[in-house]
Amino acid sequence: YIHSAGLRADAIYSGTMERQKDTAAYLAEITGLGVTETARLNEFLPGFWRATAEEIARTDKAFREDLERYLAIRTRGDFRSLALFLRQTQRIMHEWRGGLTAPGCESFDEFRIRVHSILDEVRGKSGSVFLFSSGTPLSLMIAHLLEMKEERFFDWMRILYNTSLSVFSTERGRFLPVTVNTLPHLPDRSLHTLL
């Protein structure tokens with residue numbers, strides 16, 4: 001889609017996670033460009049959600065009960081399990097941003113610094129730079145680029161489509177939104193997924 005829409009790539013960055021690298025590889029193959037892999041674009045580690053949930057559950061009985069309910073029904077994939085997951089994730093993100101760091105996990109400040117550092121790096125580049133990342137880093141980037149209050153990044157996490165495309169241009173060192181969270185490359189609506 002990117003190639004057919006005439007969007008030119010001058011540099012390609014990808015996280016080091018498999019899906020990120022695989023997606024970037026398609027564009028790299030068409031353009032003949034190399035991919036700069038960087039963990040700064042990676043999602044938080046897989047154990048983060050569970051470890052942070054367990055930290056909160058130690059002192060919050062209602063959260064612990066919701067967590068137990070969610071863990072019992074999570075494989076169903078229905079509206080109730082999704083609603084529980086989103087409610088718990090919102091609380092996890094709130095506590096994480098507020099300073100709670102589960103053992104062995106990255107702090108929110110560390111996460112923010114690494115994600116924003118990639119924006120600082122590409123701001124100085126000329127031409128079109130493509131970043132292939134995941135939901136939480138992209139949500140944080142979009143909230144930052146749209147100059148929203150940082151705590152609003154979770155709003156983007158809830159509505160950011162998998163494989164969506166967001167385009168920003170730069171003007172005098174500032175990022176300006178062109179399109180955000182678009183899906184023109186997925187004509188089959190069944191491919192439009194939030195989680």
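A search of the whole structure finds ten aromatic pairs, where the rings of Phe, Tyr and Trp (its six-membered ring) pair if their centres lie within 6.5 Å, and planes under 30 degrees apart count as stacked, over 60 as edge-to-face and the rest as tilted. The model is predicted, so local features need pLDDT of at least 70 and side-chain atom pairs count only at pLDDT 80 or more, whereas totals for chains, interfaces and linings use all residues. Residues are numbered from 1 along each chain as its sequence is written, and side-chain values use heavy atoms, with hydrogens and water left out.

One of the pairs is formed by Phe48 and Trp96, whose ring centres are 4.5 Å apart and whose planes stand at 55°, so the pair is tilted. Because Phe48 lies in helix 2 (residues 48-57) and Trp96 in helix 4 (residues 79-97), this pair ties together parts that are 48 residues apart in sequence; helices (H or I, at least four residues) and strands (E, at least two) are DSSP runs, numbered from the N terminus. Both Phe48 and Trp96 are buried, which is to say under 20% relative accessible area, with exposed meaning over 50% and partly exposed in between (1.4 Å probe, protein chains only).

Trp96 also pairs with Phe108: the ring centres are 5.1 Å apart and the planes at 85°, so this pair is edge-to-face. Here, too, distant parts of the chain are linked, with Trp96 in helix 4 and Phe108 in helix 5 (residues 108-123), twelve residues apart. Phe108 is buried, as is Trp96. One aromatic cluster is formed by Phe44, Phe48, Trp96, Phe108, Phe111 and Phe153.

Several of these names return in the nonpolar core. In soluble globular proteins, nonpolar side chains tend to be buried together. The largest nonpolar core has 36 residues, of which Phe48, Ile92, Met93, Trp96 and Phe153 touch the most other members; such a core is a set of buried Ala, Val, Leu, Ile, Met, Phe, Trp, Tyr and Cys residues joined through side-chain atoms within 4.5 Å. Two or more residues of this core come from each of strand 1 (11-14), helix 2, helix 3 (61-73), helix 4, helix 5, helix 6 (135-145) and helix 7 (153-159), and helix 5 gives the most, with six residues. Leaving aside residues up to four places away in sequence, Phe48 touches Ile92, Met93, Trp96 and Cys105, contact meaning heavy atoms within 4.5 Å.

Helix 6 is a contributor to that core, and eight of its eleven residues are buried, so helix 6 is largely enclosed by the rest of the structure. The buried residues are Thr136, Pro137, Ser139, Leu140, Met141, Ile142, Ala143 and Leu145, and they pack against helix 4, helix 5, strand 3 (129-132), helix 7, strand 4 (165-171) and strand 5 (174-182).

Just after helix 6, Glu147 takes a positive phi of about 55°, although Glu147 is not a glycine. Glu147 is found in the loop between helix 6 and helix 7, and because its relative accessibility is 57%, Glu147 counts as exposed.
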